[in-house]
Amino acid sequence: MPNTPSTRRWEIDAVRGLMLVLMTVTHLPTRITMPLGQPFGFVSAAEGFVLLSAYMAGMVYGRVAVRRGVADMRRAFWRRALKIYACQAATLLFLFTVITFIGIQADEPAIKGLLTFYLAKPLEALVGGLLLVYEPPLLDILPIYVLFMLASPWVMASGLRHGWAPVLGVSVVLWFLAQFGLSQWFYDAMNAVVQNPIPFHETGTFSMWGWQFLWVLGLWMGASRNDPQSPAFQFPRWAVAVAVALAVVGFVWRHAIGQVPFGDANPQWNLFFDKWQLGPFRVLNLFALLVLAIRFGPALAAWLPRQRWLETLGAASLPVFCAHLVVVLLAISFMGANYERPWWQDIALLIVCFGTLHAVARISLWMDQGPEDDPPQAPRKLFRLRRPLPPAL
């Protein structure tokens, strides 16, 4: 396997690898699924993975814009979007063929529940899935990645040319509206123009309008690292103290009460922590962890031994993510959504799963090179980089 390019940030790859491990453990039905779900508070691995992916996209493709121009950056984003779409389409077809066949033959309720709409209307589900409208459970994150990638060239160009304040302002407004049903309103509006056979509840659990805020935030943070005049992300002591308090409260609350902060008796209060709409208290918990990661992460990375297996997973995040879906779907098809099987079976399943993911990562890194490996070129002065917003979040 070739050496990791010197331009890669190994610590970010390691954290992304950790996020992939946590997502895999969460999706794989074992005894450790519930204890390791949202282990740091009312924040899941998905939030960290999206934010880090956007950060890397902003840093890598922002460098492409500075060195080779916006047109090359746009093409690089589109190539990546096409690659993600191909992965989504391949995973979807795998679900509709292999997994469907196994699930029906084994009469597995978990698989039949996951494929309810497809089993009822296979043609509509296939076309809707390829159009990124129908999004079955577990396969509902890559479609919004594709849409974010397609929109990112305009977001990045606007931020680099005119500053990030207007971009972030619009993003915050869309996130706020998402808390009051923007996704349902948008679906109804589009359905009034073009009749959509896909029910709203089958269009994915993640709210694109809520989660775009994390993507735009990550793009800004990553793109700002290409400006040599950009200050380091630093926070005053009071902000760090508040972040520590919020992180501790979130951690203790989650592990004392469970993953539903107010229980089933107060569903209206749980919306403040809602994962799918990215509720405000969840964002607050995430920001607290982000502040702590920026403040103490470098010292922690220097003190801890490097976890190169996590770096390998994080450096090949897309193929590893797709491979984890394949392993999880196969496990559910053959073993069911059983969280009480013997420990030796869970241990064997985890060993096979992570051995497969590591092999996929190594093969992928050997075969592929990302845009960060492009040779340096003289910057084109097509526009002047604006100084980023103050780092306080």
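Select L278 to begin: this residue lies in the loop between α12 and α13 (280-303), where helices (H or I, at least four residues) and strands (E, at least two) are DSSP runs numbered from the N terminus. The phi of L278 is near 60°, a positive value in a residue other than glycine. L278 counts as buried, at 0% relative accessibility; buried means under 20% relative accessible area, exposed over 50%, and partly exposed in between, with a 1.4 Å probe and protein chains only.

The model is predicted, so that local features need pLDDT of at least 70 and side-chain atom pairs count only at pLDDT 80 or more, while totals for chains, interfaces and linings use all residues. Residues are numbered from 1 along each chain as its sequence is written, and side-chain values use heavy atoms, with hydrogens and water left out.

Next, select Q38, in the loop between α1 (10-27) and α2 (45-68). Q38 has a positive phi of about 50° although it is not a glycine, and Q38 is buried, with a relative accessible area of 9%.

Stay in that loop between α1 and α2 and select L28, which is buried at a relative accessible area of 0%. Leaving aside residues up to four places away in sequence, L28 touches T33, V327, V328, A331, L349, L350 and C353, a contact being heavy atoms within 4.5 Å. If you then draw a C-alpha to C-alpha distance from L28 to G258, the two are 19 Å apart in space and 230 residues apart in sequence.

The cysteines come next. How many disulfides does the structure hold? The structure holds 0 disulfides, a disulfide being a pair of cysteine sulfur atoms within 2.5 Å. For C322, the closest cysteine sulfur is that of C87, at 4.0 Å, which is too far for a bond. C353, one of the residues that L28 touches, is in no disulfide either, and the nearest cysteine sulfur to that of C353 belongs to C322, 14 Å away. C322 is buried with a relative accessible area of 10%, and C353 is buried with a relative accessible area of 0%.

Move on to F262, placed in the loop between α11 (237-257) and α12 (267-270). Is F262 buried or partly exposed? At 29% relative accessibility, F262 counts as partly exposed. Not counting residues up to four places away in sequence, F262 touches W253, W269, N270 and F273.

Finally, select the whole protein chain, whose secondary structure comes to 16 helices and 0 strands. The radius of gyration of the chain is 21 Å, close to the 21 Å that the globule rule gives for 393 residues, so the chain is as compact as a globular protein of that length; the radius is taken over C-alpha atoms, and the rule is 2.2 Å times the number of residues to the power 0.38. Along its principal axes the C-alpha trace spans about 60 × 50 × 45 Å. Of the 393 residues, 49% count as buried, and among contacts between residues at least 6 apart in sequence, 82% join residues at least 24 apart.
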